Amino acid sequence: MTRPAPSRLVPPVLGGMLLLSLGLPAALPAAPAEGPRSVPGGPTCAAPLPPSVPPTTDTVLAVVHGGPAGAPPRTVGWRQFVRSWRQLRPPVRPDSLTPAGARRFLDLLVGKEALGIMAEAQPEPWTARDQSGYDALRDQLVIGAALDSALAATRAALGPAADSLDRQALGIAARDRARERLELAWDDSLTARLAAAFAALPRPTADSSAAAQVRMLAAMPAVAPADTGRVVARSRVGDVRVADLLAAWGRLSPVYRPRIERDDDVRAMVLNALFERLLRRDAAARGIEGWPAVTARLGAERERIAVSHLVSREAYGRVPTDSLTLLRFYREHEQDWMLPTRVRCLVLVLASRAEADEMAVRLRDAAAAESLAVLARRAGSQWLRDVRADRDSARFARVLAAGTGTVLGPDETAGGWEVTRVLAVLPGQLQPFEECRNQVLERWFTEEGERRMQALLERARAAARVEVRTKALDRLVADPPPELLH
């Protein structure tokens, strides 16, 4: 039995926990001129989780004990409460900040810390997906911090002229300033051949189908095999070969690939690759991976992975999804799988009133209308619509009153002129299990997974010793920071 995709089904508590487990905003603060020199290596399996850093300026709301011997207790302070409150939306958090709601939300934050302690005590090896995601995040953080430093230096060098530049333009300026450090030597003939190969790529047009546009955007340039190993440019930080450019192009999302048509466009690609190398070299020299903001964000990611494994193993991974279980759940909630009365209609939208008038005449011919309906069924066309009162009460009342065989319209809509023929009134009925099996699976998995998740939270809280600072929580509710009021 295939389980529902996690991206489609994220129950309230699990979704809140996974978001809260990140613990820090995605963006790092501006990089300082220098950082610590130590550069720790990344884990190849489940790494020890870092203890929470006690807040310095926060007022402590709760203290959670129960970690490894010698580890400091975890704390929940005002700053974490405010940040998490702003990250989440109801129903994961309360609608408003009341004493009872604040206590419930604090319990969620305490549960997150308790789950972290439990996950730390029961580590699992990382999957290849865990490791690749972690490595990508680490690379993003390190290169992002190095880029921020380069942009800050460029802004300072340009002075008032930088005020009119957005981030992209400032990045291009930083890249162009770095060119002086590269001592570039170009192969002009190879650059010209590459420009011609990229320019020959098909360009989507407005009348191309979506599938055709995706294929054209994903196409790779046709480069002679003899050229792939050749060097486009030599520099102080290494050579750039054609294969390097093609690999970089292949990693780019087709939606964001720039149009390459001239020699200058190819040279810009090369400069981008070399600028990234400079950023990596600068990041390694300055030990950016060891900066507190980076290590804290990576520690939060390690905990998120560990908690995800724990939740999968102890809660959602234990939800049975066999046919007998689903059938029993279906029968216990039969009324929930009832289809209401529907009116099946053939609906066509035409570009002009004249075309719509012609179609209305055609649809009044029962044989012609049935022929179009058969074509629509075979093609899975959206021309066939089941109108329901719970989804569009006004339209439902209109077509139901019109009766079977009636043609309505032309009606002017945002998409054009609409013509409708009422085909049949379908009475309400219970959906057979086979027809609504996916709906049954999704609801069962959500409800049973949520129940098991709540039980896991209770076990984690029971295993920890929690001190709630009620006076600090009362002060937070009585005099909340402005961020909690918007």
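## Report on a predicted structure

In strand β10, the bridge partner of Val343 is Val425. Strands here are DSSP runs of E with at least two residues, helices are runs of H or I with at least four residues, and both are numbered from the N terminus. The model is predicted: local features need pLDDT of at least 70 and side-chain atom pairs count only at pLDDT 80 or more, whereas totals for chains, interfaces and linings use all residues. Residues are numbered from 1 along each chain as its sequence is written, and side-chain values use heavy atoms, with hydrogens and water left out.

**The sheet.** Strands β7 (residues 342-350) and β10 (residues 416-426) run antiparallel and are joined by nine bridges. They belong to an open sheet of four strands in the order β8-β7-β10-β9, with antiparallel pairing. Its edge strands, β8 (384-388) and β9 (407-413), each pair on one side only; two strands pair if DSSP finds at least two bridges between them.

**The cores.** A nonpolar core is a set of buried Ala, Val, Leu, Ile, Met, Phe, Trp, Tyr and Cys residues joined through side-chain atoms within 4.5 Å. Buried means under 20% relative accessible area, exposed over 50%, and partly exposed in between (1.4 Å probe, protein chains only). The largest nonpolar core has 48 residues, and Leu61, Phe81, Leu106, Leu115 and Val440 have the most contacts inside it. Helix α3 supplies the largest share of this core, eleven residues. Apart from it lies another core, of 45 residues, including Leu137 and Ile305.

**Helix α8.** In helix α8 (residues 242-251), the buried residues are Val242, Leu245, Leu246 and Trp249. Seen down the helix axis, these residues fall within an arc of 95 degrees, so they line one face of α8; the arc is that of the directions from the axis to the C-beta atoms. Among the elements that cover them are α6 (188-199) and α9 (263-286).

**Backbone exceptions.** Most residues other than glycine have a negative phi, and most peptide bonds are trans.

| Residues joined | Omega |
|---|---|
| Pro90 and Pro91 | about 10 degrees |
| Gly409 and Pro410 | about 10 degrees |

Pro91 is found in the loop between α2 and α3, whereas Pro410 lies in strand β9. Glu183, a residue other than glycine, has a positive phi near 50 degrees. Glu183 is placed in the loop between α5 (167-178) and β3 (185-186) and is exposed, with a relative accessible area of 56%.

Technical notes:
Contact = heavy atoms within 4.5 Å.
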